[in-house]
Amino acid sequence: MQLSSGTGFGPKASGGSTFSGLDQYVLALTDPAFTTSILRVIILGVIQVPLMLALALSLALLLDARRTIGKRSFNLIYFMPYAIPGVVSALMWAFLVQPSLSPFTSIAKALGFTLDMTTPFAIPFTIGNMITWGFTGYNMIIMYSALKALPAEVLEAATIDGAGPWRTAWAIKVPLIRPAVVMASVFSIIGTIQLYTEPAILRNSAPNVDPTFSPVMAVYAAVMSNDFNGAAARSVILALVTLVLSFGFLKYQQRRGGAF
Amino acid sequence: MTMAALYFLIPIWWFVVASTKNNGDLFSTNAFWFSELHFFDNFRDLLTRQDGIFFRWMGNSFLYSIVGAVVSTAVSALAGYALAKYEFRGREAVFNTVLGATLMPIMLLTVPLYLLFSKIGIINTPWAVMIPLLISPFGIYLARIYAATIPDELLEAGRVDGAGELRIFLSIGMKIMGPALVTIFLLQFVGTWANYFLPMMMVSSPELQPLSVGIVTWQQTMVTGAAVPTNIVIFAAFISVLPLIALFLTMQRYWKAGLTAGGIK
């Protein structure tokens, strides 16, 4: 290599280092554990994020439409999981699915079938459930406050034109709060790519969780084995993936929004 | 709606019930109902276990969260107000950088920060946990949205009356942004309290760790042997949430006001 250290590029080991070009990136991208982990969270996100946002949107619309009492309590209950730190809810779910302790496992047993939420097959679903449980309320609040801010005239106009509550919700409210939904989606996409806490903590009571289940776990594993350069390269790749996906999603939505 | 409420509530209910049990009852009695209450026994265990390190962790959590939230709220208020109310060269560029930074999760910056901090020798000190928290791009972004709602006429009126820019910011800007700033403070406080990955990377000494990291080290002992009893881990996790619950319940009005303020003209 022509470039040496002092250029500010490249890793700098104690004995002086050289600019190693893209070697670290090639290494990272040919590491099956790392590429699999990226693929894994993308698949997880493609399934989990739309489900969570659909649930959040439905709850926000229901809360917005309801005239009865209990609105405040429902609002509070839905938001409660978000008030619990991710670590604690991950710990809680780790215990809730731990076969020796899980109430769900014992209920299933009483009903005559076996349920183990820590098998390799079940793990992605368990983790998807942990995320959905933790973040639906937050997304709902974003959408709900957008709904609250809609101008009353527009909704009145819809009612005068004879639109029922369903029609109003689907044809007026949802398109109008699209920016909030798009924002919630972008944050969810980013959140999924940087998934760490849930699988890492679940692993302590469910050894079936792959030690490099998520890309951040793979980065952490590299740091723990003192492969700092590899960890840095993996971080950069992950940052690029995040940027591409979140900006890509935004651009796609903008284009669709322009066609409306 | 009730189904959804049950989905969110049942795990929390289990958690509350489980935190009152001793380790034997935890594994043998009805998971969704109380058996003998061992709340105070468990509490006594926390007080004495490893010389009461749990409360040390709690103190650390308070320290990191309060410092991080106060400073980053102040920075957000100043930066958001400046970005919304002053014309200056490169304003768009600065704002786009902030916007880009909100999309860049701290998770991914943690490893580079770790390398940087170990170069300057502040790994395993409180600074390594707090410095990354002092600026919050999302806080700046929110503050800018709220600052944009301050009518320019009001600021002009202040200028006509001879108030300096700082005075205008403090007595008009801050007042109107007030509820929004409480929201930013809350989000930052809760975010720091809940933060796990950053402090886990940055501090390895148990006496510097916040609650989130400390409790997980207890959970890990269940795998490594020399176990901290499961009921104590659950109880500790439960206690660690109480300050946040208290904060949310008492300040509910503020964060709601703040969350909706951006949308109202």
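The contact between chain A and chain B draws on 62 residues from chain A and 55 residues from chain B, where contact means heavy atoms within 4.5 Å. This is a predicted model, in which local features need pLDDT of at least 70 and side-chain atom pairs count only at pLDDT 80 or more, while totals for chains, interfaces and linings use all residues. Residues are numbered from 1 along each chain as its sequence is written, chains are lettered from A in the order in which they are written, and side-chain values use heavy atoms, with hydrogens and water left out.

Between them the two chains bury about 5300 Å², 82% of it on carbon and sulfur atoms; buried area is the accessible area (1.4 Å probe) that two parts lose on being put together, summed over both. On the side of chain A, the residues that lose the most area to chain B are A:Phe95, A:Leu101 and A:Asn204, together 11% of what that side buries.

| Property | Value |
|---|---|
| Salt bridges across the interface of chain A and chain B | zero |
| Residue pairs in polar contact between chain A and chain B (both at pLDDT 80 or more) | five |
| Salt bridges over all chains | ten |

A salt bridge here is a side-chain nitrogen of Lys or Arg within 4 Å of a carboxyl oxygen of Asp or Glu. A polar contact is a pair of N or O atoms within 3.5 Å; within protein, one must be able to donate a hydrogen and the other to accept it, and residues adjacent in sequence count only if both atoms are side-chain atoms.

Helix H4 (residues 86-97) of chain A and helix H1 (residues 2-18) of chain B have axes that come within 11 Å and cross at roughly 85 degrees, which makes H4(A) roughly perpendicular to H1(B) (65 to 115 degrees; axes are lines fitted to C-alpha atoms over the stretch in contact, and angles run from 0 to 180 degrees between N-to-C directions). In H4(A), A:Val88, A:Met92, A:Trp93, A:Phe95 and A:Leu96 meet B:Pro11, B:Ile12, B:Trp14 and B:Phe15 of H1(B).

Chain B comes to 13 helices and zero strands, helices being DSSP runs (H or I, at least four residues) and strands likewise (E, at least two), numbered from the N terminus.

Definitions and conventions: Parallel < 35°, antiparallel > 145°, perpendicular 65-115°, else oblique.
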